[in-house]
Structures are given as C-alpha cells and as structure tokens.
Amino acid sequence: MSLDVVTLSRLQFALTIMFHYLFPPLSIGLGILMAFMEGLYLKTGDRTYKRMAHFWTNLFAVNFAMGVSSGIVMEFQFGTNWAAYSRFVGDVFGSALAAEGIFAFFLESGFLAVLVFGWDRVSPRVHFFSTLMVALGAMFSAVWIVVANSWQQTPAGHVIVGSGLQARAEIVNFWAMVFNPSSMNRLGHTILGAYILGAFFVMSVSAFYILKGRHLDFAKKSFKLALIFGAFSSVLILFSGHKQARTVALTQPAKLAAFEGLYQTQSRAPLSLIGLPNDEKEQLRFSLQIPGLLSRLIHGDSSAEVTGLDAFPKEDRPPVRASYLLYHGMVILGFFFIALTLYSLWLLWRGTLFEKRWLLWTYVFAVAGPYAANQLGWCAAEVGRQPWIVYGLLRTKDSVSKSVPSSHVLGSILMFSVIYLLLFAVWIYIMDGKIRQGPEEPGALPKKEEEGWIRTAARLGRSGGESLTQAHEEN
Amino acid sequence: MDLQVFWFMTIGVLLAGYAVLDGFDLGVGILHLGAKNDQERRIFMNSIGPLWDGNEVWLVTFGGALFAAFPEAYATAFSGFYLPFMILLFCLIFRAVSMEFRSKRPWPAWRGFWDWSFSLSSALAALLFGVAVGNSIQGLPIGPDKEFAGSLADLLRPYPVLVGLLAVSLFAMHGSIYLHLKTEGELQKRIRGWMWHSFGIFMVLYILATIVTLVQIPWAVKNFREMPWLWAVVVLNVLAVGNIPRAIYLKHPLYAFLSSCAAIAALVALFGAALYPNMIVSSLDPSWSLTIYNASSSEKTLRIMRLIAFMGMPFVLAYTAVIYWIFRGKVELGKFSY
C-alpha cells in the first residue's frame, strides 16, 4: 500500500470517523434510557429513579462533549480532504448536513445545557422535557447523516449535470433523495445499534456495582430497565438486518457478494457462517456453510440465483476479505447479544439473575461487544461500497482534494493520532473515576427547600478554598 | 432578491451569529489565565459552561450551509486552508475537552495543564479565524480550476496576520465585557480594568487595520461606491464601537455588551459587503474568482434549503433565547458546575 493522498485521506477519514463514532451511539442509546428513568421518577416519585437519571446524565455529559468536539472535525473534513467529492455531491449531500445542523444540533446543544446544569434552575417537568428533547435531537442527527450516507450507497432523486471533471449531482426530487432505497432501513439499523450500546453500557456499570455489593437498589433497577430495552433492541435489529441485506442484494449486489464471500454467481447459494475469502483463488476457504440458505434469505426461494463477484469486472469489486470479515464479525456479535439478553431475561423472570456472578462479570466486559459491532457494521458498509465513494457514480480515488499534498495529510494524521490517543486515555480515566465514585447515596441529594443554590455554593466555596492555596503554589 | 444573494446573506448571518456568540466564550478563554486562583478560573469556565456548546453549533451549521449552498467555495476554501484549518480544529477540540476535564480532578498540575490548553487554544482559534477573514479580503492564489494554487506562506502574509490579531483583541474585549456581567465583587472590579485595556488594544488594531485595508486593498471599497446605502453599516459599526467605552464609563455593562455584539455583527456585515458578489477572490486573475453564482448549488437545492432555513431558524432562535434566559445572572458555582 503506497502512501499517496488517496490512501492517506482514507486513513484519516477512517481514524476520525471511527473515533467520533465511539461517542454518538452511546449518546443516542443512553439518552433514551435517561428519558425512561426520569419519566419513571416523575410517575412514581421513587427517588432511586432520580438518582439514576442524575448519575447517567453525568456520564452522558462527558460522552456528549467528546462527541461534539470530535464531530466538528467531520463537518469540515469533506471540504479539507475530499474537495472533489464535495464539489460533486454538495448539491445533494450538503443539504442533509445543513438540515442536521439546523434541526438536530441546535436542539441537542440547547437542551443539553438545561439537562446538565439546570437541575436546580428549572422544574422537574421542564427538566424531563429537556431530557426528551436531547434524546430526540440525538436521534435527529442520526437521521440526517444516515440519509446523506445512504444516498452515497443508493443514490436517488438526482441527475448528473456536466461531464468529466465538471460533472456533479443535482437534486431533482428532494423526497426521493431522503427516502432513497436504503435510507430508512439503515437508519433503523443504526439507531437500534445505538440502543444496544446504551443498554449494554448501563448493564456493564450496574453489574459492576452489584458484584461489588454497592448501590444495590440503584444498580438493580438500572440493570433491569436496560436489560429489557437491550433484549428488545437486540431482537429487533435481527429483523432490520435481514431486511437490509435484501436491499443490499437488490441495490448493491457486489457489496452483498463480498459480504457473503460469494465469488461465483449460483443458484442454491449457500450461507457461509464462518470462512476466509481468498482473492487469488477466488474461493472461500475453511467455510462452514448451509446450502441454499443465502438464496432463501434473499429471494425467499432456496433454488434462486444470487449474483456473485464474477458478475463484476475486477476494478468494480470491493475488497472481499475485509468486507467478509467485518460483516461476519458484526453478525456474530448480533447473535451473541440476542442469546445473552434473552437468557438473562429468562433468569430475571426466574428471579435468579443477580445471583449468577459469572453472568454479571460477562456483562461488565460485554459492553465492548456493541462498541465493536457498531464500528464493524459501519466499516463493512463503507468498505463494501468501494471502489465507489458514491455507488456507481464517483470513484473514491477521484474524490480527494487536489491542492492538498500528501505530506500535509500525513502531518494531520499524526496530529490527530496523538491528540485522539491522549483524549481517549483521559476519557477512559474520567469515566472510570465517575463510575468508581458511583451515584450519590440517598439523602446526599440536596432537597430543593433545604439546600438551595446559595448553601451549595457556600459549601463548594469552602472546598474551592482549599484548592485555592494549591493554585497559588502552582503559580 | 435572487436565491444566491439570499444564501450569501444567510451564511453571513450564521457567521455573524457565530462570531457574536462564540466570540465572547473565545474571549473568556483568552483571558482565562488572568484569573488569579482556582475559584476564579472555575467562575470563568462556568460563565460559559452551559452556552459554549450551543454557540459552536453556529459554526457547524455555517459549515453545513456553506457546503449545501456554495459547495465549490466550501471545497476550495477548506482544502486551500488545509493546515491552518486542521490546527483550528485541534484548538476547538482542546477548548471543549479542557472545560469538560479541568475540574474533574483537584491536582494543580492537572488543572494547570487544562487551564493552559483552554487559554492557548482559544487565543489561537481566534487568531486563525481572523487570518482566514484577512486572507479572504486580500484574495488567494486561485487557479482557473477553482483550486488553491499557493503554499502555506501565502496564508501568513502581514495583512491576514493583522486581521488575526484584531480578532483576538476584539474577542478578548467582548469576553471581558461578558465576564463583567457574570461576576461580582473584587473580581468584577479587576475585570473592569481589563475591559479598558482590551478596548484600547482593540482600538489601535481597528484603526490600523482600517487604514491598511483602505490603502492596500482598493477593491474592498468598490461596493461602497456603487451601493451608497452600505455606508449605513459603516456608521452603525463606528457608533457601536464608540458606544462601548461610553457604556463602560456610565456603568451600563449590558449596553456595553450589546454594543460589542452589534460591533461584531457590523464587522461581519462589512466583510460580506466588501466581498460581494465574490466568495473567494483570486489574486491571480479576477475572472477565476469564485462568486456566489459560479460556486453555488442548483436553484432547486437553494430553494429547498431556504424552506429548511425558514422552518428551522425560528426554533434555533427560540432555543437560544430560552437557554440564555435560564442561565442569566451571575455565575454561581454549584454541584453541577465544572
């Protein structure tokens, strides 16, 4: 692999988007769970729910700040590194991005202020409304960016104006662009993936508390709520994934063939469970497969023909091995989530869930699964679209900025790597600290009448006084 | 008014909104190291705590709107300003996380690190915004293919750097007036002194930049000859700037703040008026410049986007107003603060 501008720009995009995508799915998933918790508090008046909303909002805020700061990079990177692409798609893609800013980001950021800083400034109902709006805003932002990306996968509602280097896509039908063949399916899949992450995140932290015997009431309530939500989302995403695979087979057959490692077009196409594609020999090695199942899943008929990679010239095929492995990694994780959550639900119904220490330990670490699955799924979607940046219309290699030399891109990759590594370490450290510290114990929460702003401020003023002397020493 | 003009103005409004709002929180960042102790630094950060995120969304939306309405200008500008722009992004990242992380640990070295990174990244971000504006006024080496054909040295000429320094002093002044509104007692008294100092520095740079612009960049005043009503913006700008010391002197900090908001908005308007109808001026050949007509999206997209803007902007203004209302008044450090 030579380090030309195209490779470097792709590397940088992969680095920045994968780092960014550590945060938004948790915001989406956790946001909706926080809305449930606060809603339950308003409904039942049980203070544990308030402590839950409080604690998870606290973690949400740190996560959200990381999402915003890494997201600004994404908004501008199309222009900095992919200028030719920006010129080509601006008419179509830009409007989705602008709508995202106007409809989603303002909503989120405005109400986030109330969510984090406003506990004592607004009434519980207004606070709950703000939580709902933040959760909604997080989903809106997913809507527009997934619409924009789906247009790259299955372009619709546009015409190509001009030719050669001057060619560009222009909108003719806005709604056809928004509801292009893959957008709604992919949106559902993305959001469900985020829900699963939110649920597993809450379960991971809660399981840790239960194992350590801390905050038991808090942790068990959080765990149960997240488990039900997680199980529901894990099952739904299976159907959404199946529907999506059928759409891919229709609209991007080369991508589906790469996902499934299907080199030869064939009837009674088998579904490969595991295997390793070999591009030189054009065959899938070490494959464990079920005959006819792929045909059945896609066409509803196990003898139907499924298009293989041989139907496409070599320069139009995606990298098969990467696509296959990424896709299968995601699918295997998806089945793992279903098995784990359904089994846990059964134990919850039997009343023995919180006695199974091995299972709780599994949950402590299982949160890595949805993080990985979200990343793998997006990587599969993007790698599987190659060599196109806009499927069938514009190739990735023709999309980079002409005025940016590779040395500059290399420089910015190095800077991003260093900064993101540092931020990642600090983020883990801060989250870990907050989790260790745990939610406030009942009673520690200031009741509105008893301890208002002034007394709280005075108390904190005193503790600030201690660090005041430290600050002097530092100067 | 044709759609391109509408979008040129809308993007100008987004940029002005960003400069006015994020201007004061960049200013607070620039002045941050002037706070004497931990308590004061926490007050500084918490004065913008609930607001900076929403303020930055104006920049993100400006980027999105520029991409959608003028993709050619978006592509040329950001790929042309590649390295400065990357550094600007790093600054914005560091500013955000500095605020988020600083108060999470009590250790002096930890807090000191984030204090420095917050302040330096704020100052550098302000400088780079100014440099970008200066470059746009002076013109860039744009070739016939609409691509930037210069080097990094072309971006750091004296004039853009002067405008960059002007931006730093402008935001520092804006931030000091904002802090004056948000603080009390001895700290507020000290900030009063900063307002005068930063205003003085700003005045010197403002006059200098005006003279250099008039002497060195003759085409910047071309539109003012053809459209005399634009002088109203100049008058507004001068009145707003002049009202800042008057309001400070008369102890009306809110008027001073509103005046400095108006002054910033008027400066952005002057910038737009000087550029129009160009988006990016080619210093190689004027006919290679990117204008609002040869850089824009199709009529259809501009029309759809206008609808989106009309639907979305009332909400945006409503949220912004509500948030500023909820978090009005002096900074109080509480358990939910940074």
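A search of the whole structure finds 16 salt bridges over all chains. The structure is a predicted model, and the values below are computed from it. One of the salt bridges pairs Arg87(A) with Glu72(B), and 88 residues of chain A are in contact with 80 residues of chain B. The count of disulfides over all chains comes to zero.

**The salt bridge between the chains**

- Across the interface of chain A and chain B, the rule finds one salt bridge.
- Glu72(B) and Arg87(A) are the partners, and their closest N and O atoms are 2.6 Å apart.
- The pair joins two chains, because Arg87(A) lies in helix α4 (residues 83–117) of chain A and Glu72(B) lies in helix α4 (residues 71–80) of chain B.
- Both partners, Arg87(A) and Glu72(B), are buried.

**The interface of chain A and chain B**

- The area buried between chain A and chain B is about 7400 Å², and carbon and sulfur atoms give 72% of that area.
- Between chain A and chain B, 14 residue pairs are in polar contact, with both residues at pLDDT 80 or more.
- On the side of chain A that touches chain B, the elements that give two or more residues are α3 (47–81), α4, β2 (168–171), α14 (406–437) and α15 (453–474) of chain A.
- Helix α4(A) provides the largest share of that side of chain A, with 26 residues.
- Sorted by class, the side of chain A that touches chain B has 51 nonpolar, 26 polar and 11 charged residues.

**Salt bridges within a chain**

- In chain A, Lys397(A) and Asp398(A) form a salt bridge, with the closest N and O atoms 3.6 Å apart.
- Lys397(A) is exposed, at a relative accessible area of 55%, whereas Asp398(A) is partly exposed, at 43%.
- In chain B, a salt bridge links the side chains of Arg303(B) and Glu299(B), at 3.7 Å from N to O.
- Arg303(B) and Glu299(B) are separated by about one helical turn, because they stand four residues apart in helix α13 (residues 299–326) of chain B.
- Both members of this pair are partly exposed: Arg303(B) has a relative accessible area of 44%, and Glu299(B) has one of 40%.
- Salt bridges that share partners also join Asp22(B), Asp25(B), Glu56(B) and Arg95(B) into one network.

**Cysteines**

- A disulfide is a covalent bond between the sulfur atoms of two cysteines.
- By the rule applied here, zero disulfides are counted over all chains.
- Cys379(A) is a buried cysteine, with a relative accessible area of 18%.
- Cys91(B) is also buried, with a relative accessible area of 5%.

- Asn223(B) belongs to helix α10 (residues 222–226) of chain B.
- With a relative accessible area of 4%, Asn223(B) is buried, because buried means under 20%.
- The side chain of Asn223(B) reaches the backbone oxygen of Ala273(B) at a distance of 2.6 Å.
- Leaving aside residues up to four places away in sequence, Asn223(B) touches Leu230(B), Ala273(B), Ala274(B), Leu275(B) and Tyr276(B).

Notes: Residues are numbered from 1 along each chain as its sequence is written. Chains are lettered from A and ligands numbered from 1 in the order in which they are written. This is a predicted model: local features need pLDDT of at least 70, side-chain atom pairs count only at pLDDT 80 or more; totals for chains, interfaces and linings use all residues. Side-chain values use heavy atoms; hydrogens and water are left out. A salt bridge is a side-chain nitrogen of Lys or Arg within 4 Å of a carboxyl oxygen of Asp or Glu. Buried means under 20% relative accessible area, exposed over 50%, partly exposed in between (1.4 Å probe, protein chains only). Contact means heavy atoms within 4.5 Å. Buried area is the accessible area (1.4 Å probe) that two parts lose on being put together, summed over both. A polar contact is a pair of N or O atoms within 3.5 Å; within protein, one must be able to donate a hydrogen and the other to accept it, and residues adjacent in sequence count only if both atoms are side-chain atoms. Ala, Val, Leu, Ile, Met, Phe, Trp, Tyr, Cys and Pro count as nonpolar, Asp, Glu, Lys and Arg as charged, and the others, Gly among them, as polar. A disulfide is a pair of cysteine sulfur atoms within 2.5 Å.
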